[in-house]
Amino acid sequence: MGAMLSVEAEGVDELQQEPEVAPCHPSSSPLSPHVTYLGPSVRVSDPYNILNASSRLQSMVSAASSPPNWVSGDEDVHTEVYLIRHAESTMNAHPELVGGRSPLATLTALGKRQAHALGVHLRSLGVDFDAVYSSPLERAKQTAFFVCQELDIPKNVVEIAEALQELSQGQWEGQPRKEVYTARMLPLINATQPDFCAPGGESQRQVEFRMVEFLNNTVLHRAFAAMQEARLQHQRGSEDALNAIPQSSIQVHPLEEAEMCRAKEWEISTKDDNVFEAVRENVDGVKLCKEEDETPDSTGSYGELRACDDLASMSQALPYCAAVFTHGMAIKCLLRGLLGSDAHMTRRWCIDNSSISVLRHSTSQGWQIQRINDTSHLRRL
């Protein structure tokens with residue numbers, strides 16, 4: 001009888017427990033997300049089958065974080081990426097509402113001044129962007145245009161990239177925060193990060209994945225291509241410089257056996273050390289160099305190794321520099337992914353409007369974070 005009561009009590013406890021996450025089955029494509037239900041009207045996206053504990057996740061995350069396969073291991077290409085959050089927008093003026101993408105939001109009067117101050121600050125630092133990318137949302141494009149205006153960069157240089165958009169909050173966008181983030185909803189959101197997504201929205205992990213993929217497959221690819229083009233131009237310049245040098249009047253030809261004997265006899269009788277050395281090299285059939293300090297390398301071309309060293313040092317001193325105008329949560333998700341930190345780190349970073357966060361990448365060391373949330377230009381306001 002006591003055993004039956006114990007079983008019934010356990011049954012009552014099970015009925016009072018919170019609903020658990022339903023099992024998730026692997027999809028045919030790792031990019032097609034699963035939607036798992038956590039009770040009524042609550043959806044959590046599982047794009048990488050986290051809830052299924054699949055090994056596919058580890059391979060996908062490592063593939064997204066590793067350098068692309070087109071990067072050559074023997075060339076250390078250096079790249080700097082300026083992650084710039086848009087200036088203050090009309091949606092930032094209403095913090096009581098859920099923002100998300102909010103495609104109708106534009107810059108406020110203060111936001112325009114912030115963007116101008118940012119452009120002046122970058123110009124004073126001598127920053128020169130090789131490429132400029134922007135989110136398609138209006139507030140990010142406006143910020144990019146204002147900054148480019150100060151840097152004398154034409155608007156048509158700005159490339160629009162869908163991958164740089166803000167995290168989508170779906171049906172929650174524009175809704176009062178106090179009605180969305182209730183005492184019952186917040187524990188569910190925190191327990192399932194970074195894979196929670198609002199109804200019709202996307203998860204932080206999805207944002208992280210598309211941001212890392214954009215840096216690896218677009219920015220780094222352009223940097224590598226620019227390095228290859230600089231190398232080709234450097235080689236063409238070296239060849240043109242060599243072709244412009246007049247040919248030496250001294251012509252040395254291989255000697256016949258009889259001529260070698262006569263040369264050796266003359267070599268013994270001469271007292272001029274310079275002529276002695278020249279004739280000895282001539283006898284051995286070695287082509288004279290125009291400059292004594294230059295020696296041919298294994299390929300027979302002079303100064304090629306030195307030119308390659310100069311180009312490598314130049315690429316480190318002047319790395320490929322790209323500006324990425326994007327959004328606060330997108331930057332936070334990217335930083336969390338690059339660091340491999342806890343899912344809740346996105347709440348502990350502060351990415352202010354018009355702030356600069358700088359990343360540096362080299363093929364030997366990977367991604368490194370140099371600055372986060374630099375707002376020193378706002379002191380100009």
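Author: A nonpolar patch is made of residues with over 30% relative accessible area and no salt bridge, whose nonpolar side chains are joined within 5 Å. The model discussed here is predicted.

Reader: Which residues form a nonpolar patch on the surface, and with what accessible area together?

Author: The patch consists of Leu-339, Ile-369 and Ile-372, which together have about 230 Å² of accessible area. Of these residues, Leu-339 belongs to helix α11.

Reader: How many residues does helix α11 have, and what span does it reach?

Author: Helix α11 runs over residues 328–339, which makes 12 residues. From first C-alpha to last it reaches 17 Å, close to the 16 Å expected at 1.5 Å a residue. After the helix comes Gly-340, with a positive phi near 65 degrees.

Reader: Why is α11 described as largely enclosed by the rest of the structure?

Author: A residue counts as buried under 20% relative accessible area. In α11, 9 of the 12 residues are buried, so the helix is largely enclosed by the rest of the structure. Among them are Ile-331, Leu-334 and Leu-335, and also Lys-332 and Arg-336.

Reader: Is Thr-143 buried or exposed?

Author: Thr-143, a residue of helix α4 (residues 138–150), counts as buried because its relative accessibility is 0%.

Reader: What does Thr-143 touch, leaving aside residues up to four places away in sequence?

Author: Thr-143 touches Arg-85, His-86, Ala-87, Leu-107, Ala-115 and Phe-325. For Ala-87, the backbone nitrogen lies 3.1 Å from a polar atom of the Thr-143 side chain.

Methods
Residues numbered from 1 in each chain as written. Predicted model: local features only at pLDDT ≥ 70, side-chain atom pairs only at ≥ 80, totals over all residues. Heavy atoms only, no water. Helix = DSSP H or I, 4+ residues; strand = E, 2+ residues; numbered from the N terminus. Expected span 1.5 Å × (residues − 1). Buried < 20%, exposed > 50% of the residue type's maximum accessible area, 1.4 Å probe, protein only. Patch = residues over 30% accessible without salt bridge, like charges linked within 9 Å, V, L, I, M, F, W, Y side chains within 5 Å. Areas by Shrake-Rupley, 256 points an atom, 1.4 Å probe, with all protein chains shown as cover. Salt bridge = Lys/Arg side-chain N within 4 Å of Asp/Glu carboxyl O. Polar contact = N/O pair within 3.5 Å; in protein donor to acceptor, adjacent residues only side chain to side chain. Contact = heavy atoms within 4.5 Å.
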